[in-house]
Amino acid sequence: KNTGVPYEIGRFRADWERYPVLVRQYHPDLNHGITLTQVPPAAEVYLVWECDAGHRFVATPAEQRQRPRGSRRHSTWCPECAALAVRRRPPVAAKTAPPAPPYACGHPRDLDRIESDPADDRCYLCRRLDGAPVTRDELLSIVAPRMQRQLAMETGTARRYSWLCPVGHGSYEATVERMLAGRRCRTCLHARAAADRFDVGEAFRSPWAPKSASAAEADLRQRLAARLAIDMEPNAVRVPRPFFNHIEVWPDIVIPEFRVAIEYDTTGRGGLEHVGRREHTDRRKDRLLRSAGWEVIRVRCGKLQPIGPHDILASGVSAALVDRVLDELREVRGDLIVNSYLA
Ligand SMILES: [Zn+2]
Ligand SMILES: [Zn+2]
Ligand SMILES: [Zn+2]
């Protein structure tokens, strides 16, 4: 939603003149000095309004203009006045305490909050934002739309919100407190180390990739490196969508020139690797690689069955297996290309 730059003063004066009550409820000093004539009547921005009784509340221009006809005839409309009117309706209404005035920042007073600063009557969050590396507007621009209104009125830091990564990595949950401490999208954070500098489909050396898991996998890489005049240093491939908070995947063996990833799959000591839910993860990883222009050859050991068109069944690393992998590489990229890289 557009929370930012308004138009020049006077631009929407004619539109707003039809709503004298709203013009009276609106005060630029409650809205960063922006006048109502700068706000398009259909803008999806949260503005602070003040009723004739002095209640402040937040609403979009559209919400304000859509108030029921009846209430528009009254001198003013405000949620607190409306609530009070409902409570007054019964003839013997219990005497209610007068509503506490809002904080100096316009946010509703939290009577349960013990902490306060006698020299600064703003809400706790507004005071905390003073020294924070982020503004409320910036937080409003990344909070999930359904929680925007709540955050606009938020006075504390303990509540959990859902936040959206600005570059499309999806959402994550965090308290306002964590956001004040600098919490942001983990995928963005990870990508900064290396992946951000590469295009989708490029292979690179990533600091995040785990060390080679097994001796057999290292053996296979070594044997392939001996047969191919190819730099096998890269351990990651940039992919178009996040995979476990990374925009890169880490195949066991990366062959950049062929754009082929080789995985050496065993069920592991516990017999649970690459089976069940983990097989779905493997398939998702393969789909991501293929969508980045790569092909995947999985060497499937033990009782693991093929899950891709180029998978090879094996019982361990051997010279014969290396030959079969080279054959499969020819199958994928053609004899000419693969043979031209033979060492
Ligand atoms: Zn009111
Ligand atoms: Zn405040
Ligand atoms: Zn992100």
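1. Donors here are N, O and S atoms within 2.8 Å of the metal (3.2 Å for Na, K and Ca); water is not among the atoms, so sites may look incomplete. Four donors count as tetrahedral if all angles lie between 85 and 135 degrees. Helices (H or I, at least four residues) and strands (E, at least two) are DSSP runs, numbered from the N terminus.

2. Basis of the note. This is a predicted model: local features need pLDDT of at least 70, side-chain atom pairs count only at pLDDT 80 or more, and totals for chains, interfaces and linings use all residues. Residues are numbered from 1 along each chain as its sequence is written, chains are lettered from A and ligands numbered from 1 in the order in which they are written, and side-chain values use heavy atoms, with hydrogens and water left out.

3. Zinc ion (ligand 2). Cys105 (SG), His107 (ND1), Cys123 (SG) and Cys126 (SG) are the protein donors, at 2.0 to 2.3 Å. Angles among the four donor atoms run from 101 to 118 degrees, and the site is tetrahedral. The donor residues are spaced C-x1-H-x15-C-x2-C. Cys105 is in the loop between α5 (79-88) and α6 (124-129) and Cys126 is in helix α6, so the pair ties together parts 21 residues apart in sequence.

4. Distant parts of the chain are linked by Cys165, in the loop between β3 (160-164) and β4 (171-175), and Cys185, in the loop between α9 (176-180) and α10 (186-193), 20 residues apart.

5. Helix packing. Helix α11 (residues 215-227) packs against helix α13 (residues 319-333) at about 60 degrees, with the axes 10 Å apart. Axes are lines fitted to C-alpha atoms, for helices over the stretch in contact, and angles run from 0 to 180 degrees between N-to-C directions. From α11, the contact uses Leu220, Arg223, Leu224 and Arg227; from α13, it uses Ala319, Leu321, Val322, Asp323, Val325 and Leu326. Contact means heavy atoms within 4.5 Å.

6. Pro40. This residue is in the loop between α2 (20-25) and β1. Pro40 touches Tyr7, Phe12, Trp16 and Pro61, not counting residues up to four places away in sequence.

Methods: Tetrahedral: all angles 85-135°; square planar, octahedral: opposite > 155°, others 65-115°.
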